[in-house]
Amino acid sequence: MERVRKLLDVPGGDSSRGYLDLLGTERVPLSFAQRLMQSTQLPLIYERLWRPYLIGLSKGGPFGPSTVQEMAMLHDMLRLAGGEVILDVACGPGNVTRALAPGADLVVGIDASATMLDTAVRDTRDANVEYVRGDAVSLPFSSQTFDAVACFAALYLFDRPFDALDSMARVLRPGGRLALMTTRRVPGLEEIVRQVTGVRLFADDEVTGALTARGFTDVAQRTSGFIQYVEASR
C-alpha cells in the first residue's frame, strides 16, 4: 500500500478495508447503471453471470471472444513483457486487475464503488495487486506514472468519458500503452439506451478519433457485436 501512496498526487486515504479509500462518504450515482455498479448485489454475480452472459451477448454471444480469449487479447493490446506498473481503471470486482497480475511489477485497480472493491480485496491473493477507491474520471495519480492502462467495460458508464481519456493519457508514461473495451453504437437505439440505463454507445470512429486527437499513436480497433476494443500508444 505504501507503494501505491507514492504514486498518488493527493495525500491521505483510509486503508482499513484493504484498499486505499480516497473518497470517504459514498457519493450518489446518477444513472441506473451507475447505481447498479455500487449496489451490494452486482458484485456477487458479476463474474459468474453478469460478465459471461450479459456482456458476453453484447460481444456477439458464441461468435465473440470468451473471457479467457479477451484477457489474452488484453495482454496483447498492452504488449506486456513483464515488470510493468499497470493501472486498471474502473476495476469493479478485480477480475481484469487479477488477470494483469502475472509478470507485472505492480497492478493498481481503481473504482468508485466500495462494494465492488470489498469483493475485489476478498478475492485477490496476488501480492503485486492493490486497490484504490477514487474517481476514475479524474485519476488521483501523478503524471506519467504507469507503463500501461486498461479500462475494460466501464468507459460507457462515465458521465464525462473524454475527460476520463484525458486523465488516462496524463498518467501514462511516454511509450505507454492503453487498452479499452467499450460499447458500439446501435443505429436507432442510442438515445433510448442512454436515457433508460445511462449507458453511452460510441460510434466506431468516436473513441479512436478522440485518442488520435489526444496525441496517441498506433491506434487500432477491433469490433465484436456491440463491443469495440481499442488500443493505442502514448
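Biologist: How many salt bridges does the structure hold?

Modeller: The structure holds 14 salt bridges. Keep in mind that this is a predicted model.

Biologist: Take Arg-173. Which side chain does the side chain of Arg-173 meet in a salt bridge?

Modeller: That of Asp-147, with 2.9 Å from N to O. Arg-173 lies in strand S6 and Asp-147 in strand S5, so the pair ties together parts that are 26 residues apart in sequence.

Biologist: How many residues apart are Arg-5 and Glu-2 in helix H1?

Modeller: They are 3 residues apart in H1 (residues 2–7), which means a separation of about one helical turn. Residues three or four places apart in an α-helix point the same way, because there are 3.6 residues a turn. The side chains of Arg-5 and Glu-2 meet in a salt bridge at 3.3 Å, N to O. Glu-2 counts as exposed at 53% relative accessibility, while Arg-5 is partly exposed at 27%.

Biologist: Which residues are linked in a network of salt bridges?

Modeller: Arg-177, Arg-222 and Glu-231.

Biologist: Switching to the fold. How many helices and strands does the chain have?

Modeller: The protein chain has 9 helices and 8 strands. There is an open sheet of 8 strands, in the order S1-S4-S3-S2-S5-S6-S8-S7, and its pairing is mixed.

Biologist: Which strands stand at the edges?

Modeller: S1 (20–21) and S7 (217–224). Each has a single partner strand, so one side of each is left without a neighbour in the sheet.

Biologist: How many bridges join S1 to S4?

Modeller: There are 2 bridges, and S1 and S4 (residues 129–133) run parallel. Leu-20 stands opposite Val-132 in S4. Helix H6 (residues 114–123) packs on the sheet and touches strand S3 (106–111) as well as S4. The direction of H6 makes about 165° with that of S4.

Biologist: Back to S5. How many of its residues are buried?

Modeller: In S5 (residues 146–152), 6 of the 7 residues are buried, so the strand is largely enclosed by the rest of the structure.

Biologist: In what sense does S5 pair with S2 and S6?

Modeller: Parallel with S2 (residues 85–89), over 3 bridges. S5 and S6 (residues 172–183) are also parallel, over 6 bridges. Ala-148 in S5 stands opposite Ile-86, and Ala-148 also stands opposite Arg-177 in S6. From S5 the chain crosses through helix H7 (residues 161–171) to S6, and this β-α-β crossover is right-handed.

Biologist: Which residues of H7 are buried?

Modeller: Pro-161, Ala-164, Leu-165, Ser-167, Met-168, Ala-169 and Val-171. The cover over the buried residues of H7 includes S2, S5, S6 and H9.

Biologist: Now the backbone. What is the phi of Ala-90?

Modeller: It is near 60°, a positive value in a residue other than glycine. Most residues other than glycine have a negative phi. Ala-90 is in the loop between S2 and helix H5 (95–99). Ala-90 is buried, at 16% relative accessible area.

Biologist: And what about the phi of Ala-153?

Modeller: Ala-153 has a positive phi of about 60°, although it is not a glycine. Ala-153 is found in the loop between S5 and H7. Ala-153 is buried, with a relative accessible area of 6%.

Biologist: Last topic, the whole chain. What share of the residues is buried?

Modeller: Buried residues make up 52% of the 234 residues. The accessible surface comes to about 10400 Å², and 55% of that belongs to carbon and sulfur atoms.

Biologist: And which share of contacts joins residues at least 24 apart?

Modeller: Among contacts between residues at least 6 apart in sequence, 64% join residues at least 24 apart.

Methods
Residues numbered from 1 in each chain as written. Predicted model: local features only at pLDDT ≥ 70, side-chain atom pairs only at ≥ 80, totals over all residues. Heavy atoms only, no water. Buried < 20%, exposed > 50% of the residue type's maximum accessible area, 1.4 Å probe, protein only. Helix = DSSP H or I, 4+ residues; strand = E, 2+ residues; numbered from the N terminus. Pairing = 2+ DSSP bridges. Right-handed = clockwise from strand over helix to strand, strands pointing away. Contact = heavy atoms within 4.5 Å. Areas by Shrake-Rupley, 256 points an atom, 1.4 Å probe, with all protein chains shown as cover. Axes fitted to C-alpha atoms, helices over the stretch in contact; angles between N-to-C directions. Salt bridge = Lys/Arg side-chain N within 4 Å of Asp/Glu carboxyl O.
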